[in-house]
Amino acid sequence: MNILEFIKQPWPWYVAGPLIGLTVPTLLIIGNKAFGLSSSLRHICASCVPADIPLFNYDWKKESWNLFFVAGITIGGFLAATFLDNPNPVEVAPATATLLNSYGITDFNDLLPAQVFNWENLFTMRGLIFFVIGGFMIGFGTRYANGCTSGHSITGLSNLQWPSLVATIAFMVGGFISANFFVPLIFKLF
Amino acid sequence: MKDIKYAIVGIMFGIVFVKAEIISWFRIQEMFHLHSFFMYGVIGSAVMVGMLSIFIIKKLKMKTIDGVPIALEDKKYHKGLIFGGLIFGFGWAITGACPGPLYAQIGSGFTIVIVTLLSATAGTWVYGKLQDKLPH
């Protein structure tokens, strides 16, 4: 196996987790920036439609590093999917695969189920829930909670902030309720 | 361009997201059904490394490469952490993404996620509009 083939395999958690953790000191050392990604949505609002809303009236250009960071993530996603693509189906735990089969999800070739995440679904109830309502809850919830998985669960917990622990528990409780009750219901109804 | 360095860190980060399949909708379902240790391992080891790094930075009173003392703001508690956190959690399990992975999903070719990102931006905007009417 050559190096490229080795890298193309799915990376284990004990490689990915520490690399993500190292983002925290990297951003601090190169520019005193706190790792957090939901802020990017706020900066987009502030730069495009501030509309006299206090939350969006600040000099977003001073925070432009965050927009460069998320642009980088988009490019990184493109590079990995284009040049380092794993030719095999994604890893899915057998119990999850069985469960998803019962929802009608049978295509495990890509990182997202192509049966749901496609443009044809946009103007269906399923599309409305998965893209529009789901996305809205991410943006509304993270700003209300003043951070997301990166700002609270990684940076906040790393910095021993107890409010971040409260937020992380709320994220997880919401996720468990949603995955166990809402998601099956959505597949059943629509 | 002083901000290019952040784009480079972002590129590395995006590659990790895709290669460890963290942006996979399937991983999120596994996590919330306790079918796999993977995501817990990722988040847990990321926090351990982050915690150790911040401990060292504070202990050595490290400075940035430009010589500025490194400082992190404290997170303040308010009820919105719970209400907002739950709402985000609902959206997280449905979309299979938090804000960071949304960008990597788009980059990796799922262009439909642009709709999710626009809607997330709209959600942030509506929160801003309603901020003083919501319990905090």
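A pocket is taken here as an open set of grid points, on a 1 Å grid over the protein atoms alone, with protein on both sides within 12 Å along at least five of seven lines. In this predicted model, the largest pocket has a volume of about 860 Å³. Its lining comprises 31 residues, and those nearest the centre are A:Ala34, A:Ser39, A:Glu63, B:Glu73 and B:Lys75. Two or more lining residues come from each of three helices of chain A, namely H3 (39–48), H4 (64–83) and H7 (149–158). Domain 1 (1–85) and domain 2 (119–190) of chain A each contribute at least three residues to the lining of this largest pocket. Sorted by class, the lining of the largest pocket holds 14 polar, nine charged and eight nonpolar residues.

Helix H4 of chain A and helix H1 (4–19) of chain B each supply at least two residues of the lining of the second largest pocket. Eight nonpolar, four polar and four charged residues make up that lining.

In chain B, B:Gln29 is located in helix H2 (residues 25–32). B:Gln29 is classed as buried because its relative accessibility is 1%, and the cut-off for buried is under 20%. Leaving aside residues up to four places away in sequence, B:Gln29 touches A:Thr96, A:Leu100, A:Ala179 and A:Val183 of chain A, as well as B:Ala93. The C-alpha atoms of B:Gln29 and B:Lys129 lie 32 Å apart, with a separation of 100 residues in sequence.

Note on methods. Residues numbered from 1 in each chain as written. Chains lettered and ligands numbered in written order. Predicted model: local features only at pLDDT ≥ 70, side-chain atom pairs only at ≥ 80, totals over all residues. Heavy atoms only, no water. Helix = DSSP H or I, 4+ residues; strand = E, 2+ residues; numbered from the N terminus. Buried < 20%, exposed > 50% of the residue type's maximum accessible area, 1.4 Å probe, protein only. Contact = heavy atoms within 4.5 Å. 1 Å grid on protein atoms, 1.4 Å probe; cavity = no way out; pocket = protein on both sides within 12 Å on 5 of 7 lines; lining within 4 Å. Points joined across faces, edges and corners; volume = space filled by probe spheres on them. Nonpolar A, V, L, I, M, F, W, Y, C, P; charged D, E, K, R; others polar. Domains from an automatic or database assignment.
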